[in-house]
Amino acid sequence: MKRKSIKTSVFLYIFISLILTIPRTSFAMDKPQAINGTLDLSNWTYHQDGIVKLDGQWEFYWKELLTPEDFNKVDLESENNLIVLPRAWNKYEFDGQELSGKGYATYRLLIKNNSDESLGIKLPRIFTAYKLWVNGELTAWAGQVGTDINQMTPQYLPQIKYINPTSDTIELVIQVSNFRHRSGGILESIKLGTASQISDLYISNLTLELFLFGSLFIMGIYHIILFIFRTKDKSTLFFGIFCLLISMRTLLVGEIYFINLFPSFSWELAHKIQTFAYYLGVPLFTLFLKSVFPEDTSKRINRLILLIGFSFGFIVLLTPARVFNDINTYYQIFTFFVFIYLFYIITIICYRKREGAFLIGMGVLVLILFSINDILFLSTMFADSDDHFLRNFITRGNLSSWGLLIFVFSQSMVLAKKLSRSFYKVELLTEELIELNVSLEDKVIERTLALENSRRELQSAYHAVSRSEKSLQDLIQNISHDLRTPLTGIKGYINAILDGKVKDPEKQNKYLERTNSKIDFLNNMIQELLDLSQLQSRQMKLNIEEVPVRTLIESFTKRFNIDSLRNNRKVEISSISDSQDETLILENIFLMIDIEKLDRVFYNLISNAHKYTTDDDTISISFNFTDDKEKLLVEVSDSGFGISTDELPYIFDRFYMSSNVDKSNSNSTGLGLSIAKEIVNYHRGEIWVTSELGQGSSFFFTLPIYKRLS
């Protein structure tokens, strides 16, 4: 009976929560659509038919920022194209080409209206800056519209605006520009209704979102406080942080209430917070489940999820939005695989009848389903298409917060059950203590003997730990022999400050900077030694993929130009001829390579060239084919100091540095060329060098061609 009541309560709560997620304001069921840039609402009654979404064919003017005055001109030469909204202009075909997300355009829609009462327009977030004119009057804007990345300022700012129609036609003109996000354009529906309907919709949405934020924030703080009082149970810590992250994200999605409070808040930072909360939430949730059900989760899979999740999170922190937006699709795919793993855990814990498995399993299942809804709604698959069949089923986003709230409720029930059981155990222990008072002396003797046995066991364990510590000290002494020189330098700098020999703050800072530099040097040397060892033993796995020769050349050329500007060097880049026939050849010749590892080869060779040249010298890079056309030949040369004939046989040996370099001031570990050689050999290529003193150096390496397309 008790088990049945728990199940009934869970199902009842889920049903009520699902009802709460349904918008209170009704929308048009027959979905009127704009045709050829005109939406006919002459037979529409807002009070009976409800709010209407301004979806359908809008006029679309690419690479033009037009105003209502421009449309009034008789000699307007702009071509009238049509685009179906909502969707991004990504992959929209214009003049025979698919558009990317970067650019600017003007949208226009004429609405035939039969109502003379005050109307409201609900504007969603538009990617990523816009201006709206209604009947020739500038009504709303977000950010600053511009024709390039320097002129525009992005901003997500959902708004509601009220208009008073003065005729039977309403003209909407929207300028949109985007250079900061992967997707550009109007990705969500613009809604039109009476002023009261739009106000009620906005207030309803905002109320629910603030309720979600408050609930999740309080539950997050509550679970963190639980962890503070009982640090042994780390599940409350992970769950509390997860709730706080999602609560923060709630303020930056939907109505984006945070930006309404702080309109000047950085769009870039807000986008980072929103994305980082999602990226970090996935591994945090797996940590939570691992701490609750340690015997039913895989350590290897959990480590992999943590590694991938935190790696993507660091990419978000270290790169601008236009960079990490491009990897969002890959993280969404990764999230789907994590959901499969979570579903497997739910099945296992329910099958094994773990404590609280049913309640937690139901909460996790609801959270997964709602999160899948949000991922699909925000995916590029939806953004780049206007007729995807899933649009008939997935009509709104931001449901994952509701899924989390349902899961919080199920977790609270499990926690309440645990507390109840703990109180019950306390009561049993109290009764046992009363019984123990009858024969207290015998029990004390028994416990004393048990404690004595425990003491002997602890003493034995202590001796074992001491022996292990001695072995560890011997190992550290052996390792420190190879690291003694830089460590001695670090100690000397620190002692000079601690002993008061260096009192000048500026000199102290210099000593600390040198100490930090040497520590970085040690870390770099250890990492490069590890990489070199894995390469030589072929334990490092390469991410081999089929890459066109042109892609490799363009990728490297772009990277090299950035590095050369930073190092203020004169650069000469020569490639295979860019004639029309050769272009076809490049695009149809493929290599089987790990492009990231080869990028490291390029970086090491370029760094080596910088090291042996001055600002007056020239660095040259060339791409060509070998005489037999079976290999790609890359040459990195410089007009610097050169290398003596005696040193050439050892130039690729580990820790070898030419006598032309000031080793005392060099931050090089002497492993760069060794690593480059191993990576090239790993790709079945060859690497060599030719040089003369005072005549510069030329490094060559080859990569075998995988296939050619006729």
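1. Two strands pair if DSSP finds at least two bridges between them. Helices (H or I, at least four residues) and strands (E, at least two) are DSSP runs, numbered from the N terminus. On these terms, four bridges join strand E16 to strand E18 (residues 589-593), and the two run antiparallel. Within this pair, Glu546 stands opposite Met592 of E18.

2. The model is predicted: local features need pLDDT of at least 70 and side-chain atom pairs count only at pLDDT 80 or more, while totals for chains, interfaces and linings use all residues. Residues are numbered from 1 along each chain as its sequence is written, and side-chain values use heavy atoms, with hydrogens and water left out.

3. E16 and E18 belong to an open sheet of three strands, ordered E16-E18-E23, with antiparallel pairing. Its edge strands, each pairing on one side only, are E16 (545-548) and E23 (707-708). Strands of a sheet pair through backbone hydrogen bonds, either parallel or antiparallel.

4. The protein as a whole has 19 helices and 23 strands. Of its 710 residues, 46% are buried (buried means under 20% relative accessible area, exposed over 50%, partly exposed in between; 1.4 Å probe, protein chains only). Contact means heavy atoms within 4.5 Å. Among contacts with a separation of 6 or more, 74% are between residues 24 or more positions apart.

5. Helix H7 covers residues 267-292, 26 residues in total, and reaches 37 Å from its first C-alpha to its last. This is close to the expected 38 Å, the expected span being 1.5 Å times one less than the number of residues. H7 bends by about 30° at Gly281, and Pro283 follows within four residues; the bend is the angle between axes fitted to the seven residues ending at a residue and the seven starting there. Of the 26 residues in H7, 20 are buried. At the N-terminal end, Ser266 caps H7, with a side-chain oxygen 3.3 Å from the backbone nitrogen of Glu268.

6. Asn81 is found in strand E4 (residues 81-85). With a relative accessibility of 16%, Asn81 counts as buried. Apart from neighbours within four places in sequence, Asn81 is in contact with Trp58, Glu59, Phe60, Tyr92 and Phe94.

7. How many disulfides are there? The count is zero, a disulfide being a pair of cysteine sulfur atoms within 2.5 Å. As for individual cysteines, Cys243 is buried at a relative accessible area of 0%, whereas Cys350 is partly exposed at 34%.

Key:
Polar contact = N/O pair within 3.5 Å; in protein donor to acceptor, adjacent residues only side chain to side chain.
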